[in-house]
Amino acid sequence: MTKQYGVVLIGCGYIGEEHLADIYYRENVRMVAAVDTDIRRAELLARKYGVPAYGTDYRKYIGLPETDIVIIATYVDSHLSLMRDAVAAGCHVLCEKPVAADLAAGEAFFREAAAAPTAVMIGHILRCNRSYQKIQELVRGGAIGGLKLIRIIQNHHALEWGRYKRLMQDCPPILDCGVHYMDIMRWISGEEIVSVSGRGCRLDPDAPCINYGDVQVQLTGGCLGNYESGWSRNLKACSRREFIGERGYIRLTLKEDRVSDREEGDLLEIYHSDTGSYETLNVKSRYKDMYAQFMQLIERIEGRPGNGFTLEDARLAFMAAREACEVIQTAQSVSR
């Protein structure tokens with residue numbers, strides 16, 4: 001018989017629903033409650049996905065004997081306290097990134113998570129993305145020679161300005177999305193980030209923080225990483241992911257960005273400079289495979305290694321993204 005895990009979701013906004021929509025019907029999941037400070041959002045998700053209970057006070061549910069796992073999908077400033085309470089109640093935790101907005105809270109989170117008697121995992125969803133897994137396999141296998149440059153652009157034309165402004169009250173896009181791509185650079189290259197530099201600006205006068213940044217990182221093997229991110233009403237949406245080596249490049253186009261053949265999934269374009277030839281691969285991949293990520297937590301709970309992503313990987317990505325925010329704010333570089 002399949003073991004079922006009782007789950008409490010804290011945070012019923014956009015990302016909380018992404019989690020719930022992909023796990024609520026699974027054979028090994030038993031939803032316990034949906035919790036949000038806005039009772040209307042908690043009730044809506046509970047009704048929509050058949051969650052038996054909902055409310056505004058998570059403490060009412062995390063101590064129940066049927067609760068095994070807490071998913072934290074709230075704003076950044078609450079992640080540390082929620083993780084502490086969930087672990088104290090004996091629950092395993094899947095926490096959305098970033099774990100904190102400031103360095104002290106981030107260090108406290110990772111220190112306490114590492115010492116926790118239960119499993120604590122950070123939601124680095126791209127580690128479960130099949131397209132990135134394939135790119136990592138190709139790069140590590142020498143398909144384009146030694147990796148020299150990684151270029152990632154993730155700009156949002158922020159028409160839902162109120163939502164983006166609230167997100168930026170806690171942390172800028174360079175931190176919010178940057179933890180993903182700092183990790184991608186480390187993971188795919190197999191190298192460590194040794195220096196961080198960058199510049200940024202406030203594109204919207206009412207933005208709560210610098211809402212555009214261009215960051216450069218140097219990795220131990222000589223690879224350069226460039227990451228550009230902004231959330232603005234004045235910025236054209238752009239999604240670009242390129243990995244350039246000594247003998248060509250790999251470019252990822254997500255299926256929603258494809259001009260044609262979206263039904264084939266994501267597109268990987270591989271150029272071989274030694275022969276001047278192109279190769280294309282279609283990868284059936286979900287950009288946010290929440291159940292695959294949930295199963296990584298189950299692997300840890302049950303004592304299996306999973307995909308190898310560790311708290312230390314998450315910590316190093318957080319530190320690099322946090323340093324990127326600092327250098328943008330101070331216009332100075334930080335060496336590590």
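Pro52 sits in the loop that links helix H2 (39-49) to strand E3 (54-55), where helices (H or I, at least four residues) and strands (E, at least two) are DSSP runs numbered from the N terminus. The model is a predicted one, in which local features need pLDDT of at least 70 and side-chain atom pairs count only at pLDDT 80 or more, while totals for chains, interfaces and linings use all residues. Residues are numbered from 1 along each chain as its sequence is written, and side-chain values use heavy atoms, with hydrogens and water left out.

With a relative accessibility of 63%, Pro52 counts as exposed; the scale used here calls a residue buried under 20% relative accessible area, exposed over 50% and partly exposed in between (1.4 Å probe, protein chains only). Once neighbours within four places in sequence are set aside, Pro52 is in contact with Met31 and Val32, contact meaning heavy atoms within 4.5 Å. Between Pro52 and Gln154 there are 37 Å in space, C-alpha to C-alpha, and 102 residues in sequence.

Turning to the protein as a whole, eleven helices and 15 strands are found. For 336 residues, a compact globule would have a radius of gyration near 20 Å, and the value of 20 Å for the protein agrees with this; the radius is taken over C-alpha atoms, and the globule rule is 2.2 Å times the number of residues to the power 0.38. Along the principal axes, the C-alpha atoms fill a box of roughly 60 × 50 × 40 Å. Of the 336 residues, 53% are buried. Among contacts between residues at least 6 apart in sequence, 69% join residues at least 24 apart.

The accessible surface comes to about 14,700 Å², and carbon and sulfur atoms account for 49% of that area; the areas come from the Shrake-Rupley method with a 1.4 Å probe, and for residues only the protein chains shown count as cover. As for charge, the mean positions of the 41 positive and 45 negative charges lie 1 Å apart. In this count Lys and Arg are positive and Asp and Glu negative, with His and the chain ends not counted, and each charge is placed at NZ of Lys, CZ of Arg, CG of Asp or CD of Glu.

Two loops carry backbone features worth a look. A cis peptide bond, with omega near -15 degrees, runs from Lys97 to Pro98, and Pro98 has its place in the loop between strand E5 (92-96) and helix H5 (103-115). Asp261, although not a glycine, has a positive phi of about 60 degrees. Asp261 belongs to the loop between strand E12 (248-253) and strand E13 (266-272) and is partly exposed, with a relative accessible area of 40%.

His19, by contrast, is part of helix H1 (residues 14-23) and is buried, at 2% relative accessibility. Apart from neighbours within four places in sequence, His19 is in contact with Ile71, Ala73, Leu94, Glu96, Met290 and Gln293.

Finally, the cysteines. A search of the whole structure finds zero disulfides, a disulfide being a pair of cysteine sulfur atoms within 2.5 Å. Cys201 is in no disulfide, and the nearest cysteine sulfur, in Cys209, is 11 Å away; Cys201 is partly exposed, at 32% relative accessibility. Cys223 is buried, at 0% relative accessibility. The closest cysteine sulfur to that of Cys223 belongs to Cys238, and at 19 Å this is too far for a bond.
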